[in-house]
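Welcome, and thank you for taking a look at this one with me. Please open the structure, and then we can walk through a few points together.

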Amino acid sequence: MSPSGPKRPKLVADKRYSKKKPAAKQPARRKARKPTAKRTRRTQRPKGILGWPIFLISWVFRLIWRLTWKSAAVVALIIGLAVFYFASTIPDLNALLDGRAKGSVTILDRYGAVYAWRGDQRGRTITTETVSPYLSDAIIASEDKRFYGHLGLSPRGIASAVRINLSEGRGPLSGHGGSTLTQQVAKLLCLGVPFDPDQWKNEAAYEADCRQGSLRRKIKEAIYAMALEAKFSKDEILTIYLNRAYLGAGSHGFDAAAQRYFAIPASELNPAQAAMLAGMLPKPSVYAPTANLKRSQDRAATVLRLMNEQGFLSNEQTAKAQNNPATLSSAAKAQAGGYFADWIMGDLPAFLTRKTTEDVIIKTTLDPRIQTATEQAMAEIFATKVSSGSKAEAAIVVMSSDGAVRGMVGGRETKVTGAFNRATQAKRQTGSAFKPFVYAAALDMGYRWDDFILDEPYCLNVPGSGQWCPKNYTRKHYGNVSLTEALARSLNVPAVKVAEDVGLEAVRSVASMFGIESDLAAGPALALGASESTLIETTGAFAGILNGGSAVIPYGLTDLSLVGDSDPLMTQTGGIGERVISQQAAQQLVYMMSRVVEAGTGSRAKINGLEIAGKTGTTNSARDAWFIGFTADYVMGVWMGYDDNTPLKGVTGGGLPAEMWREAMVRIQSELVPNPLPMIRPGNAPRFDGQVFSSEDQGFGGQGNRPQGGQSIGEAVEDALIGVMRSIFGKN
């Protein structure tokens with residue numbers, strides 16, 4: 001409560017001060033902060049003349065350092081995000097083990113053994129646990145010895161590769177890449193980009209893009225490799241590599257390669273075999289044992305040494321493997337199956353062969369022993385009987401009497417794939433090799449093997465061409481000759497006369513029904529082989545003569561199935577078709593053709609103790625030379641000539657082709673018991689009784705009462721019954 005009254009008392013507080021006016025209070029002085037060293041450096045100025053350069057250099061280094069670590073942080077963040085992104089897009093392990101865009105075709109011989117491969121082969125899925133340990137060790141020793149220690153990249157390996165490339169005069173990224181196994185897997189996966197047929201012209205273009213070595217591609221590859229390391233374990237990455245690496249000859253994966261080269265699974269590889277496969281990885285086409293076995297073995301020796309140095313093999317194991325290098329299996333020695341496999345692939349639908357997306361198994365008629373015999377015979381003749389440097393070519397086809405092809409050689413170079421096949425693709429004039437079909441038509445119409453015809457100067461008026469006078473090869477005439485002698489000597493005039501007598505249309509019909517599908521000449525030169533045909537067609541037609549007169553369709557497939565399926569998609573049990581001539585006519589013709597070998601133009605094909613029938617053929621100017629013959633077991637056709645139709649020098653069908661035929665047949669028959677030919681066996685040679693036939697007489701002189709078709713009533717009834725059965729059951 002404040003005091004009341006007129007006067008307000010002074011405050012006591014006023015008395016605390018003296019009358020002197022107090023001095024103004026000074027604000028408290030703040031303690032100065034001691035500058036830090038960094039602050040001092042900022043404000044520090046260079047002293048002296050030498051101070052300025054040092055100052056500038058230190059400032060530049062400080063600026064670079066700041067930019068470097070900040071940029072590195074940004075780059076690391078970007079790489080981390082990229083690795084995370086790629087890792088999230090990589091499919092599961094099982095989806096990465098088979099990267100083929102196409103399926104495979106495995107071709108088996110008649111005994112079920114692998115003969116050839118086509119397409120992209122892939123064996124069974126293998127892992128680091130199921131594969132031979134020698135194989136894993138060989139891959140790591142030769143490709144990436146630090147595989148289990150890095151994170152997908154090997155800076156030391158990259159630096160070494162750059163140094164080697166520069167020392168060899170290449171760019172730093174050209175040549176050696178210093179890639180780890182993980183980077184190689186990234187390439188195999190094409191950095192996650194699948195094959196798109198709409199985007200790429202073909203698989204080769206796609207794979208070339210996957211393997212390009214640009215800097216941008218290398219960076220992406222490194223990121224993808226780190227993503228693989230983040231996604232999978234080391235063993236899983238190696239498993240992808242084991243199943244996807246390409247090892248030549250269409251082999252994708254080491255199990256396919258082991259089957260391809262050694263005919264064993266990858267789990268059974270020994271050190272020498274494992275080293276050979278691992279050694280192929282840098283250049284499969286160069287180091288493949290099918291390309292050069294010695295070079296492949298030398299490369300394998302280097303891999304074995306690396307395995308020893310890195311402790312995977314002992315000294316004893318290394319020495320044993322190097323002293324016993326891996327060799328090819330018999331199937332691998334056949335290279336890619338050659339001409340026969342190409343014929344099989346081309347003769348079947350593309351969706352089951354060349355463009356298949358499935359894995360197909362084809363069992364065929366091929367006999368590897370016969371195939372080897374034909375190849376050896378051809379090599380022998382060209383090595384010993386043909387002048388060196390000659391460009392002449394040859395082809396051979398061997399088949400059974402039902403048309404099952406047992407061997408095929410389409411040219412002198414037998415270890416080829418996709419080459420021009422002269423056995424199936426070359427259409428050439430057959431020359432006198434066509435004459436058996438002239439006599440087949442005649443015999444089927446009632447003529448006999450011992451009928452006679454006059455070999456004399458002979459001319460015909462050909463509409464549109466004028467007069468045509470055929471001449472014999474010897475330029476001589478032999479008077480009255482039997483049909484058997486005319487065929488044995490390959491006389492032209494009698495053949496033309498017979499063809500005119502029975503009718504060119506009948507001859508053309510018989511040849512066509514026997515399987516000569518090519519266009520046949522319309523004029524009388526038809527009888528002398530003026531028409532063109534392939535070797536396989538003509539050989540198949542001769543098989544029809546051997547089997548008793550029924551048509552033959554040459555075939556090579558017995559069944560086709562898909563891997564995993566128990567039932568085949570396609571089967572073939574034989575190629576015999578309808579009867580063309582009677583069995584009696586066929587047996588007479590076989591006898592007549594046997595005389596060609598015994599005493600005629602084909603005598604060089606004779607083999608003691610073996611019955612052989614055949615026919616020689618030589619075209620105008622010797623542009624083509626043929627010999628087609630058969631035993632009771634096999635029919636074989638041989639052709640020789642030049643691809644450009646250059647005339648052969650001193651070669652006729654009875655010369656080198658007959659000798660080549662003999663060389664092959666000796667080898668083929670070496671393991672067989674000789675069987676007799678299905679032919680008539682007359683006791684005496686035909687005797688001339690004054691009767692001949694002529695086209696002018698429209699038939700035999702005094703023998704016109706023979707039954708047309710050359711068949712007995714019983715044979716006619718038999719053929720009719722067979723025809724009814726075929727129409728009901730659809731069987732041959």
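What is the strand order of the open sheet of 5 strands? Before the answer, two remarks on reading this note. The model is predicted, so local features need pLDDT of at least 70 and side-chain atom pairs count only at pLDDT 80 or more, while totals for chains, interfaces and linings use all residues. Residues are numbered from 1 along each chain as its sequence is written, and side-chain values use heavy atoms, with hydrogens and water left out.

1. **The open sheet.** The order is β2-β1-β5-β15-β16, and the pairing is mixed. Helices (H or I, at least four residues) and strands (E, at least two) are DSSP runs, numbered from the N terminus, and two strands pair if DSSP finds at least two bridges between them. The edges are held by β2 (114-119) and β16 (570-571); each has a single partner strand, so one side of each is left without a neighbour in the sheet. Strand β15 (residues 557-562) and β16 run antiparallel to one another, paired over 2 bridges. Look for L560, whose bridge partner in β16 is M570. As background, strands of a sheet pair through backbone hydrogen bonds, either parallel or antiparallel.

2. **The nonpolar cores.** A nonpolar core here is a set of buried Ala, Val, Leu, Ile, Met, Phe, Trp, Tyr and Cys residues joined through side-chain atoms within 4.5 Å. Buried means under 20% relative accessible area, exposed over 50%, and partly exposed in between (1.4 Å probe, protein chains only). The largest core has 88 residues, and the members touching the most others are M408, F437, Y439, F514 and F630. Helix α22 (residues 583-599) supplies the largest share of this core, with 8 residues. A second, separate core of 59 residues includes A141, L238, L269 and A278.

3. **Around Y439.** Which residues does Y439 touch, not counting residues up to four places away in sequence? The partners of Y439 are L483, A486, L487, P494, A495, V498, L589 and M592. Contact means heavy atoms within 4.5 Å.

4. **An enclosed helix.** Helix α9 (residues 254-262) has 8 of its 9 residues buried, so it is largely enclosed by the rest of the structure. Its buried residues are F254, D255, A256, A257, A258, R260, Y261 and F262. After α9 comes A263, with a positive phi near 60°.

5. Another links R508 with E505, with the closest N and O atoms 2.6 Å apart. These two lie 3 residues apart in helix α20 (residues 504-514), again about one turn. R508 is buried at 18% relative accessibility, whereas E505 is exposed at 53%.

6. **A salt bridge across the sequence.** K385 and E659 form a salt bridge, their closest N and O atoms being 2.5 Å apart. K385 lies in the loop between α16 (368-384) and β6 (393-399) and E659 in helix α23 (residues 656-669), so the pair ties together parts that are 274 residues apart in sequence. Is K385 buried or partly exposed? At 46% relative accessibility, K385 counts as partly exposed, while E659 is buried at 15%. Salt bridges with shared partners join K385, R604 and E659 into one network.

7. D402 is in the loop between β6 and β7 (405-409). D402 is buried but has no salt bridge, and R406, the nearest side chain of opposite charge, is 5.1 Å away. For charge, Lys and Arg count as positive and Asp and Glu as negative; His and the chain ends are not counted. Leaving out residues up to four places away in sequence, D402 touches V552, I553, Y555, G574, G575 and I576.

8. **The disulfide.** The structure holds 1 disulfide, defined as a pair of cysteine sulfur atoms within 2.5 Å. This disulfide joins C459 to C469, with an S to S distance of 1.9 Å. The link is right-handed, with 105° about the S-S bond.

Technical notes
A salt bridge is a side-chain nitrogen of Lys or Arg within 4 Å of a carboxyl oxygen of Asp or Glu.
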